[in-house]
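Dear colleague,

I am passing on the structure below, and my notes on it follow.

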Amino acid sequence: MSAAPDHAPTMTRASFAHRLGQAAPYLLVPVLIVLGFLSIGSSSSWLTLTVSGLAMGMMIFVMASGLTLVFGLMDVINFGHGAFVSLGAFVGISVLLALTGWTTAPSLFLNLAAVLLAIAAAMVLTGLVGWGFERVIVRPVYGAHLKQILVTVGGLIVVEQLIHVIWGPDEIFLNRPETLKGAVTFAGAALEKYRILAVVLGLAIFVAMRLVLRRTKIGLIVRAGVQNGQMVESLGYRLRLVFIGVFVAGSALAGLGGVMWGLYQEVITAGMGERMMILVFIVVIIGGLGSVEGAFIGALLVGLLQNYIAFLAPKLALVSNIGLMAAILMWRPQGMMPVVKAK
Amino acid sequence: MSDVLRIEGLFTDIAQYHILEGVDLAVPRGQVTMLLGRNGVGKTTTLKTVMGHWAAKAGSIRYDGQDITAWPTPARARAGIGFVPEDMGIFTDLTVEENMVLAAASGPPDAARLERVFAAFPPLKTFWKSEAGTLSGGQKQMLSIARAMAEERVLYLIDEPTKGLAPAIVSTMAGALRELKGQGASILLVEQNFAVAKALGDHAAVMDDGRIVWTGAMAELAADAGLQERLMGLSMEAE
């Protein structure tokens, strides 16, 4: 073995400004929460709005996480992602309606069991449909962005129309399971039980995703694939199979997000996924393409800001997220934590 | 001596450009074959076509006796072809350790092999837990070679491993490549550094206009300044 040159490598400590820049996205959420507190004044209103914003953010994150990985891994822009949100909501809510005996019983166990069954059914079905969607609609248009936009929008329309055929054209109203109705009072603030559940569920999904991405070989392949797919293939990994797995998982998560959003709004429509895609795309863009952590922070910012602004200046609520996106892109044109660099 | 890689009549187009126009090349087993030529003559495209990054329009690529022309990239890698691209292909958001774990596709990196890697490239041990993006250019190049060494490979395709590196790091690279050669690996190496090419190369193939225009012993090419001038438009001794 040849000797290496005699030198002692060192790593220069990054400057404070550099380290602050790296940590800045993580600081935005607490900063926004503090700003919200200072602006709102009333601590009970602030707490209610904060929990509501976090719940909304978690649900958007669940829907967006798969989309950002799909884009990062294979450079696929899937405008049809919203179809899985709607489909998941209809499947999940159908299961809940079929289990009315469980959802109306004053038993937390039965209520949660019904919700979990609804989630499982929605995720399995949207995962399967996602597999078919990738095979039939996405695969023929790899590498062609314009065609991807056209055919995935077409796929979205087809799925929406199928929902109309199966469930009818009307919106479906629903009641949350008995023990998830109402609110608990904490520090003088009324906190809806379901929103607390949504925060816990969203957080659990984020932690699980991080564990898979950081602690497993498949997660390593996904993270590397988002950065340089060709090199991952050069090491012997079949990235196409990984991508199919991520697409299916992303579709299933969108289905889960659909169930959560349906229960949050207590009404579902075939077009709900399509409407959610605006927020989902904002989250993916400001988070940075391919970044799950970025999508998580972005979703929380969107949820919190929308709730705070709706309280402080209702007329500005509609444009608050566009304003947030503009501000973040002016600060970091590739999003907060981009993994895929803009081409 | 058998050839580990045999390319015949290889044509590759990239978009509307005809890059390779009938490449014929043989890489003998256990030897280092230098792929030389001016910039833009198709050296990198040849490596990338062998690796499957670009599809061959015509011609054949035979590796270890099998026709791999239509194989996807992962199948070629799993068959024992290691690739070190010109841009190093480091996963900068992953740690050095994660880069190496990923490089060992068939299982956890072998401890003895890792020790050999650390002996060749001590900085990788120092920065084992650091993000690869924080490494210097030379350290990144060490990692790219080390990654190819993480598993036993039959053939290495290496694209300009010493490009832009300090002399001390170049000698480390040359030492690592010599070590690979000593282990019996076959190497197809694109290299612009003449000292390295002369020290490592057993054979040389010179490309021009998407074709191989000369093949022979590296020593023969190194000894003939006129031949270098005629084939590549410059004398490598002059560099």
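**Chain B, then chain A**

The secondary structure of chain B comes to 10 helices and 10 strands, where helices (H or I, at least four residues) and strands (E, at least two) are DSSP runs, numbered from the N terminus. This is a predicted model, in which local features need pLDDT of at least 70 and side-chain atom pairs count only at pLDDT 80 or more, whereas totals for chains, interfaces and linings use all residues. Residues are numbered from 1 along each chain as its sequence is written, while chains are lettered from A and ligands numbered from 1 in the order in which they are written.

Chain B has a radius of gyration of 17 Å, which agrees with the value near 18 Å that a compact globule of 239 residues would have; the radius is taken over C-alpha atoms, and the globule rule is 2.2 Å times the number of residues to the power 0.38. Of the 239 residues of chain B, 49% count as buried, that is, with 20 or more other C-beta atoms, placed from the backbone, within 10 Å of their own.

Within chain B, strand E1 (residues 3-14) runs antiparallel to strand E4 (residues 58-63) and is joined to it by 5 bridges, two strands being paired if DSSP finds at least two bridges between them. Glu8(B) stands opposite Ser60(B) in E4(B). E4(B) also pairs with strand E5 (residues 66-67) of chain B, in the antiparallel sense and over 2 bridges, and here Arg62(B) stands opposite Asp67(B). The hairpin of E4(B) and E5(B) has 2 residues between the strands, and in it Asp64(B) takes a positive phi near 55 degrees.

Chain A comprises 12 helices and 4 strands. Its radius of gyration is 21 Å, close to the 20 Å that the globule rule gives for 343 residues, so chain A is as compact as a globular protein of that length. Buried residues make up 49% of the 343 residues in chain A.

In chain A, the axes of helix H11 (residues 292-312) and helix H12 (residues 317-331) come within 9 Å and cross at roughly 145 degrees, the axes being lines fitted to C-alpha atoms over the stretch in contact and the angles running from 0 to 180 degrees between N-to-C directions. The contact (C-beta atoms, placed from the backbone, within 7 Å) involves residues including Leu305(A) and Ile309(A) of H11(A) and Ser320(A) and Leu324(A) of H12(A).

Best regards

Notes. Contact = placed C-beta atoms within 7 Å. Buried ≥ 20, exposed ≤ 12 C-beta atoms within 10 Å, placed from the backbone.
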